[in-house]
Each structure stands twice: as C-alpha cells, then as structure tokens.
Amino acid sequence: MTDAHAVTIETVSKSFGRGQSAVRVLDNVSVAIGRREFFTLLGPSGCGKTTLLRLIAGFETADGGTIRIEGADLTKAPPFHRPVNTVFQSYALFPHLTVEQNVGFALEEQGLPREEVRRRAGEALEMVRMQAFARRRPSELSGGQQQRVALARALAPRPKVLLLDEPLSALDLKLRKAMQIELKQLQAEAGITFVFVTHDQEEALTLSDRVAVMQGGRILQMGPPRSIYEAPTHRFVADFIGDINLIEAEALAGGGVRLAGGGVVPVPGATPGRVTLAIRPERARMVAPGAGVVDATLVHSAFLGTAMLHKLELPDGGSFLIREADLSAPMPERGGRVGLCLPAEALQVMQA
Amino acid sequence: MMQSAAVRQLVLLLPALGVIVLLIGVPLGLMGWVSLLEKSASAGVDWQASPGAGNYLRLVWEEDFDGRMILNPTYLVIFLRSVLQAAVTTLLCLVLGLPVALWMAGLTRTGRMVMLLLVTIPFWTNLLVRNYAWLIILREDGWTTAVLNRLWPFGPVQLLYNDAAVAIGLTYSFLPFMILPLYSVFEKFDWRLIEAALDLGATRRRALRRVVLPLALPGIVAGSLLVFIPCLGAFVTPALLGGGKTAMLGNVIQAQFGPARNWPFGAAVSIVLLAIMLAVMTAMALWRSRRAPR
Amino acid sequence: MNLRRFPVMREISIAVLVFLYVPVIVLTVYSFNANRTATVWTHASFDWYLRILANPSIRAATWNSIVLAGTSATAATLIALLAALATRRAFPGRDTTETLLRLPLILPEIVVAVATLLLFVSLGVSLGLGAMIAAHTAFCIPFAYLPIRARLDGMSGSYEEAAQDLYADRFRTFRRVTMPLLWPGVMAGFTLAFVTSLDDFLTSFFLSGPGTTTLPVYIFSAIRAGITPEINAISTVMLVISILLVSLSFFLGQLRR
Ligand SMILES: Nc1ncnc2c1ncn2[C@@H]1O[C@H](COP(=O)(O)OP(=O)(O)OP(=O)(O)O)[C@@H](O)[C@H]1O
Ligand SMILES: [Mg+2]
C-alpha cells in the first residue's frame, strides 16, 4: 500500500468474551488517517472508541483485519514494537518516578545515552512548560500539570502517531478549553499525527481536521467537522452533534419533500418515500404566518446572551427550535402563530 | 497467544501449588491412610497391617478383660469438651469483639488506623508468649491469686489449671480473629440505614438489633469460623493453662505423636478433628447459600 | 448526634484493649524485676537480659529461629510472588487455586504438623532445620501471598500498559514498573511470613530434631520446667520483635499507592 497514511485500519473486528457471551465491540472498521492529521473518534459511551485506540496501540489484538502504521503491518506486534505512544485517560504516570524520569522512560528504553535522555526529556518538558517541575513526583502535581507531563512523556520519543484517550475529560471546563488550544498548537509544532478520542462533540469539532462518528462498533460518518455538522448522513450523527431539528416528511416522486400538515420544500435527489428532514436551529427563520412552508405556534422564547432561542410547536405536535442571532429581529408573541422558513440549501434529507 | 499465556500462568503457579500439595495435601492423605493401620511393636507404623477402622472404634469402645466391647467415655468427653470450649470461646469473642468493631468503625480515620494496629498486633505476636503471660498472672504465687484470696472468704482460690483458665486463654488468643472481620463489615457499612431506622421511630438499641446486627451477619459468621476452628485444634493454651482434666483434642494428638507413641491412633484423632471442622464449615456454607438468594 | 456512636460501646472497647494489653505489659514489667520470686518487686534491673544473652542454648535457639524464619520467609515470598502474578487475571480454576493457596490458614496447625511429621519419618527424612524450613515455607505462603495480592489488586494495569507503550518489553516492564510498585506489598508479605515463622511453636515442636530447637520450642520446654525470670526476659524480647515487625508491615501496607 501507499505510505501516504500514518495509520491504515482495514476491516478490523474485535469481540470480547467467548461463545454465547461474546460481544462484538468493533464491527468491520476501516479508517485511513493521514500524516499530521488531527483525527478524532467521536461517539457515545461504549461505542468502541477506546477499543479501537487500544488496537492501534497494541494493548488488544484484533480478531480480524489489518492495522498498518506508515505502511508497516503491525496487526500482531506488541505495544513496545509500535512507533505509537498513548496519553492515557488516567494519565498513568509512574508514581515511583519523578516527572523527569517519567518523561525520559521511553528514551531510556530506546537505549539513548544518559546525556541525550536528559536533554530530550528537558526539551519535551519545555514544550509543555513543565521544566520547573522536573524533580517532583506525579502525586505532587495538579490534574492539569499531570496532563502536560503525560503529554510530554508520550511526545518525548517522537512517535509517528500519538493516541489520546479523552485526555481532557478529568479537567475542569476552563482548563479544558485552555488545554484544547495548547494541544492543537503542540500538534502543529511537533508535526505528529494525533488520534484523539472524545465523547464531547464540541471538542471534536473545534480541534479536528477530520472526525469519525462511531456508534455500536461502526463508523457511521467520517469527514471534516464542517461537513459532519452541516451534512449529517445519519439521523444518529445529526442528533449526536449539536442541536438539530428533525422533521418527519415524505419525498415526492416528482422531486421535493412534503412536510406533514404543510407545504412542499424543493429539495432534490430524494428517493420517494418516508424521509427525515434535518435542519440546524440557526439555519431556520421565522416569517409571517402563511409565508413559510408550514405554520407553527411559538411555545417559548429564551435569551441566551448572544442569541434568542425560540421553541415552536409544529402542526403534527413535533417541536422545533430556532436560534435567532439577530437580537433586533421582531419577536412574535408567545402563543402566536408564525410561519417557518426552511432554506433548501440548509436542509439535509435522510432516508428514514 | 492464548496458549502461551496459559502456559506462563501455569509455570508461575507451579512452585506454590507444588509446595502446598507436597507438604500439606500429601501428608494429610498419608495420615488418612495411616489412621486405618496399626502401630508396630517398635512404636512406629505397621505398614503391613491390613487397613481397618480399629482406631476409630477405639475412640468410643474398648475391650474389657473378658474381650467384650464396652463404651469408653475418655475420648468422647474430650471431644465434647473441645467443642464446648471452642463454642464458649467463640461466644465470648463475639460478645467482646462486636462492640469493639462497631466502636472502631465510628472513629476518625487516624483513630481507625491506630485501633486497627492495636488489634492487629496481638494477632501476630507469639501465641506461646501471650499464653505464658496469663500463666504469670493466674499462677498460685502471683498477686492476682493473693488479692482474690483476701476478698474471697471461702478457702483458697485456684485460678489456673481449669476450664475457665483455658477459656480465658483461648479468648485472649483468638479475639482479634473476631474483631477484624467484623470491623471490615462495619467499615463499609451504610450508616444512613441507621438514620432511616431512627427516622422510622426505632430507638438506638432497636436500630442496633434490627438493622446493624442482621447486616453484620456475614462478618459474625466469618469471625466465628475463624475463632472456632483454631480453638478446636488448640494445643498451647490447654497445655499451659489447663491441667490433666482439661485436655482438648490437640493435647490428645500431641500425646499420641509424642509420649504415647501410637501414631495411627493419633492420626485417627486428627482426621476426626478435620472432619468436625469440615462439617462446621459446610454447615456454615450451606446456611449462607440458603440465605443468599432473595 | 453521631450515628455511629452507640451507648457503652466505648467503655467495652476500652476494657477489651486493657484485656488485650495488660498481660503483655505485666510480663514486660516482671522481666525487669530484680527479684527471682515473682511476687516481690525489689527494683528494676537488666540482669535477666544479660543472663539470656550469655546463655548458650538460648543463643543457639535464637540463631536457629532466625535462619529458619529468614529462609522460609524468603522462599515463601518468592513462591507467593509468582503465584500472585499468575492469579492476577481470571482463568478457569482460579478460585480453586486461591483456596489451595489459603489452605494453611484454614487447617488446624497441629493436624498439618503431625501429618508432616508422619510423612518425613516414613520417607526417612531426618528431622531438624531442613524439615522445619520445608514445613514453614508451606504454611508461610498465604501470609506472603495475601499482601502481595492485595497490592496487585489495588494496582491499575495501565501503568504496565504505559511502560509497554513506552517501548519496555515484558521483562523490562516487570523490572522498571511492576516490581517497584509491588515492592511495599512484597516487603509486607515477607515481614508477615517472617514473623509467622519466627513465632511458630507447634510445627517446630514436632519437626525439630535434637540440637535444632527454635526459640519458641526452647521457651515451651523452659516453662514446663518452671517459671523463671529468664523466660520473662526472652518472652519480652520475642514480643518486642514481633510488634516491631508487624508495625513495619502495617505501615508498608498503608504506603500510598
Ligand atoms: N476487556 C473487555 N472485556 C469485555 N468487554 C469489554 C472490554 N473492554 C471493553 N469492553 C466492552 O466493549 C464496549 C466498548 O468499550 P470501549 O471502552 O471501547 O467504549 P468507549 O467508546 O471508549 O466508551 P467510553 O466513552 O465510555 O470510554 C463496551 O460495551 C465495553 O463494555
Ligand atoms: Mg473509552
């Protein structure tokens, strides 16, 4: 195969348990992750993100399929033969070693001379601005500091791929935001491929070059954050990422989609039958009654600081959210009727 | 992959299992066999003898001068005494240990640590020495006896060499075995249950009886087994604090393997001791498994 | 109102502590009594301690005890360490294995002791230090095993994964990560095995040959011959050693993980 990819995963499956009680955790997963890419695995708890990461790291062996790193088939290789390092969710800093010894661990294992080990451990610590803490024990550090040391430790041996399993989940919100920016900068500086696991969709969208949304051991959709956000191909993906309105509708044979109790929107390319229309709250607008595709009742409005959030009720009883960034826009009364304008280019049609 | 991991595990386990099987399993098996044989003229084991239950029968019956089998109560009495002593000791340990465990669990973290250490220390210090300490306290020319003799108007008091002295010694020896498992139950105890009980109108005493004790039952059972079983096989305490009339099973076994030199008979007594122990443990396990599903 | 406090529990507990410690304290005090008769207190002295130091049989017995405890505890700890590593992950038959490893704790010691005597004599193995070391190693295994196992159970497997991730192979991972983290448990296990062997009377009583008495066996026969202040002194020494060692292992066990 080509060497263009940092990590190539082909039809990998993994089950835990045997016989009757076997659970299939990964089902025929294939991914190709490019060099220097910030690639994120996103999905709900238990969907197999950690398992996939552990397969790349070599802590688990795949039942089938191949895993290549820079072209070399490492499906069966033990962790210590893979040019890949991990930042563990719990950090797993060795409690009996100092910060410096932790960071130098891999360098020593690679047989570098003592001086070189010290120099490069120092460099790695500098990169995360932790050189002042070199002689401390991990237990004497705060969560955020431990996080940085874990990063430095994994980066010090200059791996081809860095695996990060929810590395920020133990931090408080403010620190998490700060670390997100740092992570992104570090990745750019070090020029290393990052495979990042999170179940925080906002984090995934902010950081990644590409996101893979997983569910039940499969990858549902993969692509740049923008396309995942704006053009979800699965109901699950649409629902999982950000707020979204889902409307039951019917695709017509002559093109266009008819809303329940309303008009027809001119979206092309849908096979006739039942479909779900998806639209982000900020892409829909309120207009005068009768001027939109369908009329709805305003149930509730809330001020969000930078926008207004309106909750509407559709004729079929479904609810609909609108996010209005223009605070000077005229606001209808609560309980009043409004028209709903759904721009065709903002609508995503999903086969139900 | 699977294969080599299993092999590695087996290799790691081999020394431990080998030692335990060779130095505990095999000897016990051998003893079971020997208990069916007879002693030889030279006080050893007559390996040629055909196996039989003679030694077990001899625990209950003996031949009189006319060759008839008559009941011999000697060993029966010792069996009974051993079981009784073990039971009394278990009860004493429970009565003394339960309050300690309960109180410990309510202390601060440091307090709990200190108490844990204080209770653990006797557990590990020399059994012989600790029983010897009681020998000093209870002996005839000691001040305890002297003081009691002053207070007790009806003749001289004899503190040593009776069942009471043995019971004190055994309780002293095995009390930590009761406190520690009870404590480990109370330590994990959800104290809000008591709050609930009090809230439902129970008094403290009734909360103790109706909430704490039932929940402590697993600890009580574990502790009782840990006290009862070693008591049953006790040798040092009855040997030091007891007299000729307070012998327990351990003393009989020691005598048969020592001065009396009837090893097959001693082996039979040991096997009976093991059997009683097994019976008690099985009964407890059965009782527990019947309680468990609810 | 403290929910964990019940009436009279404190009083009973203090009484129990007194019950547990007064005999030991009395023994210690007597060991410093200059007077040979126990009833009369003359003045404090170290005479009896000097006397036991000079006593050649006590010195020989002490030496035997130390060699015995040192050897058996070392062997038991090594064996238990391997077993603990093997039983870390679940496998069919793990419960049975664990029960077997704990067997010496459950069985009445006197029964195992005479059974071992029976085996050694019928095999023609001569009694003495070698026989005692073998038997002590067997019953020390659970004492060494349990603390090591507890430490392993409390140890996250991710440290070892991290080491392998950082290019340490299995052996190097064991040396650089597993062993240092396990060390307090191993030391606690060794200490407990050592104390158990040092304090053991019954097994040694049956298996010690002529000339290889251990300290507890010596004390037992001395008590049988009559109470003397020397026994008080040597008993106190044994108590102090045990207490020190157990406290040590207790603190090793509490060591932060
Ligand atoms: N060693 C194992 N043995 C058995 N089942 C396992 C094992 N590891 C994971 N699983 C199961 O595999 C599934 C996927 O687990 P995984 O840890 O990959 O999820 P995840 O996506 O990382 O979830 P989270 O966001 O909660 O970390 C879960 O149902 C889990 O219970
Ligand atoms: Mg996970």
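Let me start at the ligand. An oxygen atom of ligand 1 is 2.5 Å from an N or O atom in the side chain of Thr50(A). That is a polar contact, meaning a pair of N or O atoms within 3.5 Å; within protein, one must be able to donate a hydrogen and the other to accept it, and residues adjacent in sequence count only if both atoms are side-chain atoms. Ligand 1 exposes 640 Å² when taken alone, and the protein buries 58% of that. These areas use the Shrake-Rupley method with a 1.4 Å probe; for residues, only the protein chains shown count as cover.

A word on the source. This is a predicted model: local features need pLDDT of at least 70, side-chain atom pairs count only at pLDDT 80 or more, and totals for chains, interfaces and linings use all residues. Residues are numbered from 1 along each chain as written, chains are lettered from A and ligands numbered from 1 in written order, and side-chain values use heavy atoms, leaving out hydrogens and water.

Back to the site. Ser45(A) puts a polar side-chain atom 2.5 Å from an oxygen atom of ligand 1. For Lys49(A), the side-chain N or O atom is 2.8 Å from a ligand 1 oxygen. Which other residues are around ligand 1? Among them are Phe16(A), Val25(A), Glu166(A) and His199(A). Being near here means a heavy atom within 4 Å. The shell divides into 4 nonpolar, 6 polar and 2 charged residues. Nonpolar covers Ala, Val, Leu, Ile, Met, Phe, Trp, Tyr, Cys and Pro; charged covers Asp, Glu, Lys and Arg; the others, Gly among them, are polar. Helix H1 (residues 49-57) of chain A gives the largest share of the shell, 3 residues. Helices (H or I, at least four residues) and strands (E, at least two) are DSSP runs, numbered from the N terminus.

Now the sheets of chain A. One open sheet has 4 strands in the order S2-S1-S4-S5, with antiparallel pairing. Strand S2 (23-34) and strand S5 (72-73) of chain A stand at the edges with a single partner strand each, so one side of each has no neighbour in the sheet. Strands count as paired if DSSP finds at least two bridges between them. S1 (residues 5-16) and S4 (residues 64-69) of chain A are joined by 5 bridges. There, Thr8(A) stands opposite Arg68(A).

Further along, S16 (residues 294-303) of chain A runs antiparallel to S19 (residues 337-341) of chain A, with 4 bridges. Asp295(A) has Gly339(A) as its bridge partner. S16(A) also runs antiparallel to S17 (residues 308-313) of chain A, with 6 bridges. The two form a hairpin with 4 residues between them, and Gly305(A) in the turn has a positive phi of about 105°.

Next, charges. The whole structure holds 33 salt bridges over all chains. The cut-off is a side-chain nitrogen of Lys or Arg within 4 Å of a carboxyl oxygen of Asp or Glu. One of them joins Glu123(A) and Arg119(A), closest N and O atoms 2.6 Å apart. Those two are about one helical turn apart, because they sit 4 residues apart in helix H3 (residues 114-127) of chain A.

Last, chain C. How many helices and strands does chain C have? The count is 11 helices and 0 strands. Its C-alpha atoms fill a box of roughly 70 × 70 × 30 Å along the principal axes.
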